[in-house]
Amino acid sequence: MKGTLSCKEIYRKLNAYLDKELPAKEEKHITGHLLTCKSCRREFDSLQKLNTLLGERQTETISHSLLQKLEDIPAREGKISGINKAFGRFSLFPAAAAVLLTLFSALLLGRTYLSTGRYESTTTDSYQIAQESFYTLWEEIVNE
Amino acid sequence: MKKPEFTRVIEEYSNRIYGFLLRFLANREDAEDVSQIVFLSFYRKMETIDPSKYGAYLFRSAHNAAINYKKKKKRYVSLDTTVTEPVSEESRESEDKEKQESFKRAFKKLKPEESLAIELQFYQKKSYQEIAGIIGKTPQAVDSILVRAKRKLRRYLQDFED
C-alpha cells in the first residue's frame, strides 16, 4: 500500500473494509481517514446500513414435506438402480423376446394356414422349421 | 455408508440451499422443485465429490440449476404473469412487509452471480476467499461483484437509507 489513499480509492475499498477483508495496515489507514473525511464517512454509514439490513434477514426453513422428499432420495434411487441391475442381468432378454415372438407368430400363422388347407406343402415346411427353431432357442435359454 | 452421509448433508445444507433458492427464484414451489433437483444430482455424484467441498458443490449446483430453471420457465410464462409469493410467513410476521417487498424487488434486479455472492456473504457467512472458491473467481473479483451488487441494492433500497 502506498503512503496515503485518495478518497476515490478509499470509497472503492469501503466494502472490503466493512467486511473485514483488508490487510491490517489498510484497515488502520481507512479508520483514520473516516474520522476526518465527512464524504467517505457518509458513504461508509450508508454501506453499513445496507449490511445491517442484509444481515437482519432471517434464514428460511424447509417444509416437512420437502424434507421428507429429500430424505427419500436414497430409497428412490435404490429402486431405480435395482431395476437397472435387473435389466442389466438380462440384457439379452429384449432381443430374445423379439425372436421368440417372431417365431411364435410364424407358428400360429403356419397352423392357421394348415387348418384352412391352403398352401399346405410350403407352410408345413415353414411350420416345422419354425417349430424346430423355437424349441432349439427355448432350450438354449432354459439351459443358460 | 452413502445414505447416512447424505442424511447429514441434508441436515446441514437443506435450509441454506432452500433459502438461497427461495430468494433467487422468489417462489416457494420453484424453490422446492429446484431443491430436489440439486440434492438428487448431489446424491448421484456424491462419491466423486471431496467431502470438504460439499457446500461449494451444492451452492454452485443450486446457482446453475436456478438459472436453468428460470430460463426454462421464461419460455413458458410471460413476464407480466409473474406472481411473487410471500418469502416466508414467519419472517413476514417479524419484518415490515414493505421492506420485504423492496428486498425482493431489489434482489430480482441483481445478476445471478451478484445475488449468489450476497447470499454467500450474508446468509452463509462466507469469507471472500470461500466465496471465490465457490463461484470460481478470485477474492478481488468477489469484492468487485459485492461492491456492484451493493450499489444496485442501495439504489433500489434508497427509501430505507433515510
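Is A:E43 buried or exposed? A:E43 is buried, because its relative accessible area is 10%, under the 20% cut-off. Keep in mind as you look through these close-ups that the model is predicted.

**Figure 1. A:E43 and the residues around it.**
Let's start with the residue from the opening question. A:E43 sits in helix α3 of chain A, which covers residues 38-56. Leaving out residues up to four places away in sequence, A:E43 touches A:Y11, A:L14 and B:R154. With a relative accessible area of 10%, A:E43 is one of the buried residues.

**Figure 2. Chain B on its own.**
Chain B has 8 helices and 0 strands. Followed from the N terminus, its elements read α-α-α-α-α-α-α-α. Chain B has 162 residues, and 49% of them count as buried. Among contacts in chain B with a separation of 6 or more, 65% are between residues 24 or more positions apart.

**Figure 3. The interface of chain B and chain A.**
Here the two chains are shown together. The contact involves 31 residues from chain A and 44 residues from chain B. The size of an interface is often given as the accessible area lost when the parts come together. Between chain B and chain A, the buried area is about 3600 Å², and carbon and sulfur atoms give 57% of it. The rule finds 4 salt bridges across this interface. There are also 15 residue pairs in polar contact between chain B and chain A, counting pairs with both residues at pLDDT 80 or more. On the side of chain B that touches chain A, the elements giving two or more residues are α1, α2, α4 (89-94), α5 (97-109), α6 (112-123) and α8 (139-156) of chain B. The largest share of that side comes from α1(B), with 9 residues. By type, the residues on the side of chain B that touches chain A are 19 nonpolar, 12 polar and 13 charged.

Side chains of opposite charge can pair when their charged atoms come close. The structure holds 13 salt bridges over all chains. One crossing pair runs from B:K150 in helix α8 of chain B to A:D19 in the loop between α1 and α2 of chain A. In this salt bridge between B:K150 and A:D19, the closest N and O atoms are 3.3 Å apart.

**Figure 4. A salt bridge between A:E77 and B:R44.**
Here is another pair to find. The side chains of A:E77 and B:R44 form a salt bridge, with an N to O distance of 2.8 Å. A:E77 belongs to helix α5 (residues 73-89) of chain A and B:R44 to helix α2 of chain B, so this pair joins two chains. A:E77 is buried, with a relative accessible area of 13%.

B:E114 and B:R148 form a salt bridge, their closest N and O atoms being 3.2 Å apart. The pair links distant parts of the chain, with B:E114 in helix α6 of chain B and B:R148 in helix α8 of chain B, 34 residues apart. B:E114 is buried, with a relative accessible area of 0%, whereas B:R148 counts as partly exposed at 34% relative accessibility. Both residues belong to a network of salt bridges that links B:E113, B:E114, B:K137, B:R148 and B:K152.

**Figure 5. Positive phi at A:K20 and B:A26.**
Finally, compare these two loop residues. A:K20 is not a glycine, yet it has a positive phi of about 55°. A:K20 lies in the loop between α1 (7-18) and α2 (24-36) of chain A. B:A26 is not a glycine either, and its phi is also positive, at about 55°. You can find B:A26 in the loop between α1 (2-25) and α2 (28-45) of chain B. Which of these residues is exposed? A:K20 is exposed, with a relative accessible area of 65%, whereas B:A26 counts as buried at 6% relative accessibility.

Technical notes. Residues numbered from 1 in each chain as written. Chains lettered and ligands numbered in written order. Predicted model: local features only at pLDDT ≥ 70, side-chain atom pairs only at ≥ 80, totals over all residues. Heavy atoms only, no water. Helix = DSSP H or I, 4+ residues; strand = E, 2+ residues; numbered from the N terminus. Buried < 20%, exposed > 50% of the residue type's maximum accessible area, 1.4 Å probe, protein only. Contact = heavy atoms within 4.5 Å. Buried area = accessible area lost by both parts, 1.4 Å probe. Polar contact = N/O pair within 3.5 Å; in protein donor to acceptor, adjacent residues only side chain to side chain. Nonpolar A, V, L, I, M, F, W, Y, C, P; charged D, E, K, R; others polar.
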